[in-house]
Amino acid sequence: MSKAPKLLIVGGGPVGIVSAVAAAQAGFAVELIEAANEIDTRPRASTTHPSTLEMIDRIGLFDRFVAEGLVAREFQFWDRETSTLVATFDHEILRNDTRFPFVVQTEQHKLARMGLDKLREYGVNVRFGVRAVACRQNTDRVLVDAETGEGPETLNADWVIAADGGRSAMRKSLGISFDGYTWPERFVVLTILDDMHAINGYAFRSYFAGTGEWANLFKVAGDDGKGRWRAVFPTAVEETDEEALSDSAAMARLNRLYPLERPYQIVHKNLYAVHQRVAETFRIGRVLLAGDSAHVNNPIGGLGLNFGIHDAMDAVGTLSAVALRGEDPAMLDHYSRRRRFLNVKFVQEQTVANKKRLEEKDTASRQASFDILRTTAADPARARAFLLRSSLIDSVREAAEVA
Ligand SMILES: Cc1cc2nc3c(=O)[nH]c(=O)nc-3n(C[C@H](O)[C@H](O)[C@H](O)COP(=O)(O)OP(=O)(O)OC[C@H]3O[C@@H](n4cnc5c(N)ncnc54)[C@H](O)[C@@H]3O)c2cc1C
């Protein structure tokens with residue numbers, strides 16, 4: 001029997017780990033390296049759309065993913081100026097389109113941990129504290145130079161999936177440009193213990209448009225399962241990081257969203273720079289980019305990681321066809337064209353539009369956008385079309401069409 005081809009995954013974030021699980025199941029000899037010494041638990045993605053739940057189910061993680069998260073069937077748009085609910089969208093309308101007509105909010109580090117457990121079960125070589133610094137390749141091998149606790153080491157593989165995040169050393173080493181822009185403001189994420197549904201009926205996923213300051217609000221289970229809320233706000237452009245992360249600014253932001261008579265119970269504060277960038281290609285030779293190494297976007301709409309998981313499944317599917325079943329290597333270029341095209345059309349366009357909708361300062365334009373949301377939510381055919389796009393089901397369906 002011929003030896004299984006070796007697939008090296010660079011990056012132990014959720015995209016790298018999902019890639020590794022899918023690749024081990026497909027029959028590759030998998031090795032995964034992660035620069036840090038443990039999984040990153042800082043608050044980032046949680047919103048997981050129906051199209052992505054189908055993939056999580058395909059790799060056998062769905063039951064645990066739901067058990068450790070929260071099901072959010074509906075999401076809401078609110079007008080901050082008047083504190084009124086503008087529209088509610090219910091994923092149940094997608095019941096004939098997907099087996100999972102709901103969103104699940106599970107923190108991304110939990111997905112990484114449950115994937116890691118699967119990798120241990122499969123005996124996959126997972127190495128923490130190993131940082132890729134450069135990459136070279138010839139027609140049949142890839143060599144990845146890495147720094148380890150024991151000194152430099154060169155790793156050798158048939159194929160590589162580079163899932164090493166937005167600052168990807170692999171992408172840079174391959175000389176792939178990452179065009180786009182960085183927003184002048186940053187986003188501040190405040191994690192609170194106060195129950196915002198009990199306080200004012202907010203859905204587990206709520207978006208707030210306003211002239212002064214937009215906001216997003218989400219409920220997640222937390223590691224203890226007791227539930228906590230994350231509120232996301234833009235900073236002022238001129239605000240320093242220290243100001244944005246100060247207790248007084250955090251408390252003021254939360255009270256502008258909903259004034260409480262007692263202080264909010266803030267348990268975590270974090271600040272992120274936000275970008276819209278896409279790699280010029282998602283593949284060079286034997287290396288495929290997936291996740292944030294290939295594309296980054298603002299988090300409004302919860303699309304970045306979802307699309308990254310779609311990349312992971314697509315990359316492993318494509319490599320399985322070429323490397324395990326001997327199909328046409330031109331499929332590797334299709335991977336790049338398909339993922340890039342779909343990212344621009346479904347992730348970059350939607351996240352920029354989502355941000356514009358929430359921050360619109362002109363009253364007439366904001367009201368016009370609220371009217372569109374109201375009439376869309378009230379019309380079943382339009383609501384379904386809206387949700388097919390926002391939950392990336394359209395992206396999956398269109399994938400088969402991209403030449
Ligand atoms: C506030 C916020 C909220 C978000 N909410 C959502 C959401 O609700 N839904 C959604 O879909 N997306 C969301 N996102 C986006 C999501 O967090 C990212 O898209 C996701 O983390 C990408 O996963 P990844 O595995 O590609 O990259 P990362 O999570 O960045 O993981 C990359 C990994 O590679 C490792 N690494 C880096 N360099 C090297 C190297 N040279 N060698 C080895 N290892 C290396 C890193 O240590 C890291 O562990 C949000 C982002 C933010 C900031």
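Six strands, in the order 8-2-1-12-19-18, make up an open sheet with mixed pairing; helices (H or I, at least four residues) and strands (E, at least two) are DSSP runs, numbered from the N terminus, and two strands pair if DSSP finds at least two bridges between them. The model is predicted, with local features requiring pLDDT of at least 70 and side-chain atom pairs counted only at pLDDT 80 or more, while totals for chains, interfaces and linings use all residues. Residues are numbered from 1 along each chain as its sequence is written, and side-chain values use heavy atoms, leaving out hydrogens and water.

The edges of this sheet are strand 8 (125-128) and strand 18 (283-284), each of which pairs on one side only. Strand 1 (residues 6-10) and strand 2 (residues 29-34) run parallel and are joined by 5 bridges. Within this pair, Val-10 lies opposite Ile-33 of strand 2. Helix 1 (residues 14-26) packs on the sheet and touches strand 1, strand 2 and strand 12 (159-162), where contact means heavy atoms within 4.5 Å. The direction of helix 1 makes about 165° with that of strand 2; axes are lines fitted to C-alpha atoms, for helices over the stretch in contact, and angles run from 0 to 180 degrees between N-to-C directions.

A second open sheet has 3 strands in the order 3-7-4, with antiparallel pairing. Strand 3 (47-48) and strand 4 (70-72) are at its edges with a single partner strand each, so one side of each has no neighbour in the sheet. Strand 3 pairs with strand 7 (residues 103-105) over 2 bridges in the antiparallel sense, and Thr-48 has Val-104 in strand 7 as its bridge partner.

Helix 2 (residues 50-58) packs against helix 9 (residues 304-324) at an angle of about 45°, the axes being 9 Å apart. The two helices are therefore oblique to each other (angles under 35 degrees count as roughly parallel, over 145 as roughly antiparallel, 65 to 115 as roughly perpendicular and the rest as oblique). In helix 2, Ser-51, Thr-52, Met-55 and Arg-58 meet Asn-306, Ile-309, His-310 and Met-313 of helix 9. These contact residues comprise 3 nonpolar, 4 polar and 1 charged (Ala, Val, Leu, Ile, Met, Phe, Trp, Tyr, Cys and Pro count as nonpolar, Asp, Glu, Lys and Arg as charged, and the others, Gly among them, as polar).

Residues in the contact include Ile-372 and Leu-373 of helix 11 and Phe-386 of helix 12.
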